[in-house]
Amino acid sequence: MSKYFDELETRSADERAAAYARALPEQIERAKGLAGYGDRLKAVDPSAVKSVADLAALPVLRKSDLGQAQGASAPFGGLTTRAASQFAHVFQSPGPIYEPGGDSHDWWRMGRFLHACGVGKGDIVQNCFGYHLTPAGMIFENGARAVGAAVLPAGTGQTELQARAAHDIGVTAYAGTPDYLKIILDKADEMGLSLSITKAAVGGGALFPSLRQEYADRGIACLQCYATADLGNIAYESEAQEGLILDEGVIVEIVTPGTGDPVAPGEVGEVVVTTLNPDYPLIRFATGDLSAMMDGESPCGRTNTRIKGWMGRADQTTKIKGMFVRPEQVAALVAKHAEIAKARVIASREGEMDVMTVQIEAEGGDAEGYAGSVADALKLKGRVEIVAPGSLPNDGKVIEDQRSYD
């Protein structure tokens, strides 16, 4: 079994940039022709969008935009290049939001992750992701086919039957949420069944170090990926277990929450993804998740950029004094004053009353002088504190709720 899924994983930065320069104009051109984008890309010249930096000038597409588009044009909102009947599957996620699914080779790009997990020909994957309405089950099944592995389509629940099947069939690999594998292993122990699982490909939840170590102690190498129903695989771990390596079929930006503006290298922000899938060309799709880019390359030899993994949610909308304060309002406050590097809204309680404090990173300045701008942008009056540049935490938060709800 080759160490790498394909030669794309070890491309030089120049080779990858050249590939983007060819693929991006074509993808923007496809998107411009779709009714679901409306006027969003009307003024965009596809030939001028050839790099990650060029993408920053385009509008961000959010999950709420998908819902609105699908409400006007079911089921995919005019955002696909094929009719619903031409896809292999149609899925439904909470909202409801509908997603297309294909069955061509590695359509969801999950094969790259499974290969990194060591899964391939000769393996039987117990796929414990759901097959009902939502796409996770088929995403991993499509990936297993891409690497030549057989699949036990187990889904969730019926743990005794799962343990029995894993034993009887000789399952060698697990795919599912991080904690469900432990439930199966414990049930097998309880039933006196020996299992042959040595590899685990997990997602959809946090893989805590203690749980990974427990699997390692049982002789199971467990790696995680970052994927969504709309985009498929975005990033994945390799055996190096140092960050998540970006998939070769997507372009990822990290932006300030509530905006489309890229953050400085290493800063925490919202993950925005442009997919190169010609069937479903999502351009600058905001995932709502927080992460940060990492420096350097993975020791495993894969050369694409790495992210730190899931670091929280970007939608920090918080109700203060009965009014919602949203990240985009904080971004508008920062944009209004060139001298403001960052701002952070803190919600707290004093004497059974909500208190809003706005911390502003700036070189000096008068706190009271910003009071009017704060009230205009946030629609609330609050305390203003000037803090030194670089002193606010690098955690992606622009709104912090310190109130206790116990």
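Visitor: What percentage of the accessible surface of the chain belongs to carbon and sulfur atoms?
Guide: Welcome! Please keep in mind that this is a predicted model. The accessible surface of the chain comes to about 18,000 Å². Of this area, the share that belongs to carbon and sulfur atoms is 52%.

Visitor: How many helices and strands does the chain have?
Guide: The C-alpha atoms fill a box of roughly 70 × 55 × 40 Å along the principal axes. Within the chain, the count is 10 helices and 20 strands.

Visitor: What is the radius of gyration of the chain, and what does the globule rule give for 406 residues?
Guide: The two values are close, so the chain is as compact as a globular protein of that length. The globule rule gives 22 Å for 406 residues, and the radius of gyration of the chain is 23 Å.

Visitor: What percentage of the contacts with a separation of 6 or more comes from residues 24 or more positions apart?
Guide: As background, buried residues make up 51% of the 406 in the chain. Turning to contacts with a separation of 6 or more, residues 24 or more positions apart account for 62%.

Visitor: Which residues touch the most other members of the largest nonpolar core?
Guide: In soluble globular proteins, nonpolar side chains tend to be buried together. Here the largest nonpolar core has 34 residues, and those that touch the most other members are Tyr37, Leu58, Leu66, Val252 and Leu282.

Visitor: Leaving aside neighbours within four places in sequence, which residues is Tyr37 in contact with?
Guide: Tyr37 is among the core residues that touch the most other members. With neighbours within four places set aside, the contacts of Tyr37 are Ala31, Leu61, Leu79, Pro281, Leu282 and Ile283.

Visitor: How many residues does the second, separate core have?
Guide: This core includes Phe76, Phe113, Ala175 and Tyr236. Its number of residues is 27.

Visitor: How many aromatic pairs does the structure hold, and what are the centre to centre distance and plane angle for Phe76 and Phe87?
Guide: The structure holds 5 aromatic pairs. Phe76 and Phe87 form one that is edge-to-face, with values of 5.7 Å centre to centre and 80 degrees between the planes.

Visitor: Where do Phe76 and Phe87 lie?
Guide: Phe76 and Phe87 are both buried. They are 11 residues apart, and their pair links distant parts of the chain. Each sits in the loop between α3 (63-72) and β1 (89-93).

Visitor: What is the centre to centre distance of the pair formed by Trp107 and Trp108?
Guide: Trp107 has a relative accessible area of 9% and is therefore buried, while Trp108 counts as buried at 2%. Their rings pair edge-to-face, with 80 degrees between the planes and a centre to centre distance of 4.8 Å.

Visitor: Which residues form one aromatic cluster?
Guide: Phe87 has a charged neighbour too: the charged end of Arg82 sits over its ring, 4.6 Å from the centre. The aromatic cluster itself is formed by Phe76, Phe87, Phe91, Trp107 and Trp108.

Visitor: From which residue to Pro96 does the cis peptide bond run?
Guide: A cis bond also leads from Ala74 to Pro75, with omega near -5 degrees; Pro75 is placed in the loop between α3 and β1. Pro96 has its place in the loop between β1 and β2 (97-101). Its cis bond has omega near -10 degrees and runs from Gly95.

Visitor: Is Phe324 buried, partly exposed or exposed?
Guide: Phe324 lies in strand β16 (residues 323-325). The limits for the middle class are 20% and 50%. At a relative accessible area of 42%, Phe324 is therefore partly exposed.

Note on methods: Residues are numbered from 1 along each chain as its sequence is written. Side-chain values use heavy atoms; hydrogens and water are left out. Rings of Phe, Tyr and Trp (its six-membered ring) pair if their centres lie within 6.5 Å; planes under 30 degrees apart count as stacked, over 60 as edge-to-face and the rest as tilted. Helices (H or I, at least four residues) and strands (E, at least two) are DSSP runs, numbered from the N terminus. Buried means under 20% relative accessible area, exposed over 50%, partly exposed in between (1.4 Å probe, protein chains only). A charge sits over a ring if NZ of Lys or CZ of Arg is within 6 Å of the ring centre and within 35 degrees of the ring normal. A nonpolar core is a set of buried Ala, Val, Leu, Ile, Met, Phe, Trp, Tyr and Cys residues joined through side-chain atoms within 4.5 Å. Contact means heavy atoms within 4.5 Å. The radius of gyration is taken over C-alpha atoms; the globule rule is 2.2 Å times the number of residues to the power 0.38. Accessible areas come from the Shrake-Rupley method with a 1.4 Å probe; for residues, only the protein chains shown count as cover.
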